[in-house]
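A few lead sentences come first, followed by points grouped by topic.

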Amino acid sequence: MGSQNGFFAMMARMKYIERWALMRNSVTENISEHSLEVAMLAHGLAVIGCKRFGKTYSPERIALLGMYHDCTEIITGDMPTPVKYGSEEIKEAYKTMENAAAYRLLNMLPGDLREEYEAYFLLKSFSKEEKRIVKAADKLSALIKCIEEEKAGNHEFCSAKEATLRGLQEMELPEVAVFCREFLPEYEKTLDELS
C-alpha cells in the first residue's frame, strides 16, 4: 500500500521519468521539467483568456492542474503518444491505469490532506474548460520541445512538430492563437536575440 506520508517523496521522483523515449533527443526532458513548463504555459493561457477574452478561469488553479497533470507517470511511466492513442482499447485501458495511479498517490497523503489534492488529481474534478487549457499547454510544451530540438539540428522532431501544431490549431482556442502569434516566435531566437 505504501507510506501514508510518502506523497512528496513520490512527487520528487518525477525527475527520474524521461519523456520522448522513442525519439533521439539532443537534450533529455523529464516529467518534472515538463510539468513546470506546462504549469507556466497553462497559467499564461488562462491569464490571456481572462484578460483578452473575458473568461472566468482561475489561472492559479489551472497552473496547479498543469503542475500535477503527468504525476501519475511516476507509477505508469511515460507512454509514447502513438502507443497511448493507438486504439480506443489502449486509450481506455491507459485512462483506467492513470486513475488507479492517481488514487495510489493520493493514498500516500494523510486523510486530512487528501481531499485538498483530489481536486488536482482526479479528472472528474476538472471542468471541460480547465481540461482544454491544460491539454493545450501540454501540446504547446511538446511544440516548444520540437522547436528546441530543431534549433539543435535534430530533424527527428520535424513530423512531431507538424502534428503537434496541427493538433493545437484543431483545438480552436483563441488563447492558443494569441500565444502562438505573440510568444511562440521568440522560442526560435538565441539568448542574445532575446536579451
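Ala136 is part of helix α8, and in this predicted model its relative accessibility of 0% makes it a buried residue. Although Ala136 and Met171 are separated by 35 residues in sequence, their C-alpha atoms are 7.6 Å apart in space.

**Salt bridges between helices**

- The structure contains 11 salt bridges.
- One of them joins Arg52 to Glu182, with 2.8 Å between the closest N and O atoms.
- Because Arg52 belongs to helix α2 and Glu182 to helix α10, this pair ties together parts that lie 130 residues apart in sequence.
- Both partners are partly exposed: Arg52 has a relative accessible area of 48%, and Glu182 has one of 33%.
- Another salt bridge pairs Arg61 with Glu130, where the closest N and O atoms are 2.7 Å apart.
- Arg61 lies in helix α3, which covers residues 59–68, and Glu130 lies in helix α8, so this pair ties together parts that are 69 residues apart in sequence.

- A network of salt bridges links Arg19, Glu29 and Asp70.

**The largest pocket**

- The largest pocket has a volume of about 1,400 Å³.
- Its lining is made up of 45 residues, and those closest to the centre of the pocket are Thr81, Lys84, Tyr85, Lys135 and Asp138.
- Several helices each supply at least two residues of this lining, namely α5 (81–84), α6 (88–106), α7 (111–121), α8 (128–151) and α9 (158–171).
- Helix α9 gives the most to the lining of the largest pocket, with 8 residues.

- Leu22 sits in the loop that runs between α1 (7–11) and α2 (31–53).
- With a relative accessibility of 59%, Leu22 counts as exposed, because exposed means over 50%.

**Positive phi angles in loops**

- Trp20 has a phi near 60°, which is a positive value in a residue other than glycine.
- Trp20 is located in the loop between α1 and α2.
- The relative accessible area of Trp20 is 16%, so this residue is buried, the limit being under 20%.
- Glu172, which is also not a glycine, has a positive phi near 50°.
- The loop between α9 and α10 (174–182) is where Glu172 is found.
- Glu172 counts as exposed, with a relative accessibility of 69%.

**Cysteines**

- The number of disulfides in the structure is 0.
- Cys180 takes part in no disulfide, and the nearest cysteine sulfur, which belongs to Cys146, is 13 Å away.
- Cys180 is partly exposed, with a relative accessible area of 22%.
- Cys71, at 1% relative accessibility, counts as buried.

Definitions and conventions:
Residues are numbered from 1 along each chain as its sequence is written. This is a predicted model: local features need pLDDT of at least 70, side-chain atom pairs count only at pLDDT 80 or more; totals for chains, interfaces and linings use all residues. Side-chain values use heavy atoms; hydrogens and water are left out. A disulfide is a pair of cysteine sulfur atoms within 2.5 Å. Buried means under 20% relative accessible area, exposed over 50%, partly exposed in between (1.4 Å probe, protein chains only). Helices (H or I, at least four residues) and strands (E, at least two) are DSSP runs, numbered from the N terminus. On a 1 Å grid over the protein atoms alone, a cavity is a set of points where a 1.4 Å probe fits but cannot get out, and a pocket is an open set with protein on both sides within 12 Å along at least five of seven lines; lining residues have an atom within 4 Å of a point. Grid points are joined across faces, edges and corners, and a volume is the space filled by probe spheres set on the points. A salt bridge is a side-chain nitrogen of Lys or Arg within 4 Å of a carboxyl oxygen of Asp or Glu.
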